[in-house]
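Dear colleague,

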Amino acid sequence: MSPTSKEVVIANAIIAILTIGGQQLFSFFTFSCPCHVGQNLVYGLAFLGVPALILLIVGYALNNQTWRLVTGKRSPLEGQTTPNRLLQCKLVCFVLCSITGRALVAPVTWLAVTLINGSYYVCAVSEYVPVHYYEANPNITASERRRILAAFPCSQLVPPELTRARDEVILLLRYQSQVAGWLLIAVVVITVFLSYCLASCFSPLSFLHFRYWSNYVHNEQELFDEATDQHSRLYAMQHVRKFFGFVPGSENVKEIRIPSLREWQAISGLAFLKRVDAEHYDYSLLHDWALKESVNGKYLKTDEDPVIRTQV
């Protein structure tokens, strides 16, 4: 297994474990079925679906591939760099499938654990249980029957003569919910397995070549991140040195530069990425100042007393 695959498996396992723990805490502290006609379904489905939807969106947002896919797509240069539209569409579809697969880990885990738990499902559909589970006068109205069935998730609201019917209904609904949960897990596992099989079948690389490629991509990304950090640090260091007259961490600093009030104002405030020509941008206000201003201003030697110098 390549380093990238190991990281993906570990990350997915951590996400699943955190989701299970969060679901248990969420159910214990917040879930309380209203046991009222018309409200049970909305409440139960909200607890089933809304957290899953939020987890799905968070999964998309936390994936770097999402932002790599969408960033700069409205740039005028984008049309010049994608001449092969068919290949580009295939690549986008592949990346979207990969992102979606990662993003679905948490919401699918939430839905599966919630269904296996059964409480949300029992609350949502209790009032729709078939009539033969309700042992009461057959002359009772349909609205009254639904009202009593909706109260079944709350044992304290059920009359003593209906306790047996309630227990049967709760067992039936928990059975349905848990079967649905295990079916969801089975479908997801089979789908993931078949997807990996199909991807391997249509891969242009052999098994060992694919492992080499995975390792190469992983190492390239690590080295690129290290180079990006070092390059940006060195580039920013030039601008900081121009403003203050020394580089942070330097030993034996002989003198420092005293920025003027106008210069402090020039690098303060808010700024967007600013285009300076066809190929370059200003990344910050300090960057803009360093490119425009000449090196001058007031300097102070570090071994001088600033008070004495002012008096002179």
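Helices α6 (residues 105-117) and α9 (residues 163-201) have axes that come within 6 Å and cross at roughly 150 degrees, and α6 and α9 are therefore roughly antiparallel to each other (angles over 145 degrees count as such). Axes here are lines fitted to C-alpha atoms, for helices over the stretch in contact, and angles run from 0 to 180 degrees between N-to-C directions. The residues in contact (heavy atoms within 4.5 Å) include V108, L111 and L115 of α6 and W182, L184 and I185 of α9; by class they divide into ten nonpolar, five polar and one charged.

This is a predicted model, in which local features need pLDDT of at least 70 and side-chain atom pairs count only at pLDDT 80 or more, while totals for chains, interfaces and linings use all residues. Residues are numbered from 1 along each chain as its sequence is written, and side-chain values use heavy atoms, with hydrogens and water left out.

Helix α2 (residues 39-61) also packs against α6, at an angle of about 160 degrees and with the axes 8 Å apart, so that α2 and α6 are likewise roughly antiparallel. In this contact, F47, L48, P51, A52, L55 and L56 of α2 meet A106, P107, W110, L111, T114 and L115 of α6, giving eleven nonpolar, one polar and no charged residues.

Finally, helix α10 (residues 207-244) has 38 residues and spans 55 Å from its first C-alpha to its last, close to the 56 Å expected at 1.5 Å a residue; G245, which follows α10, has a positive phi, near 90 degrees.

Note on methods
Helix = DSSP H or I, 4+ residues; strand = E, 2+ residues; numbered from the N terminus. Expected span 1.5 Å × (residues − 1). Parallel < 35°, antiparallel > 145°, perpendicular 65-115°, else oblique. Nonpolar A, V, L, I, M, F, W, Y, C, P; charged D, E, K, R; others polar.
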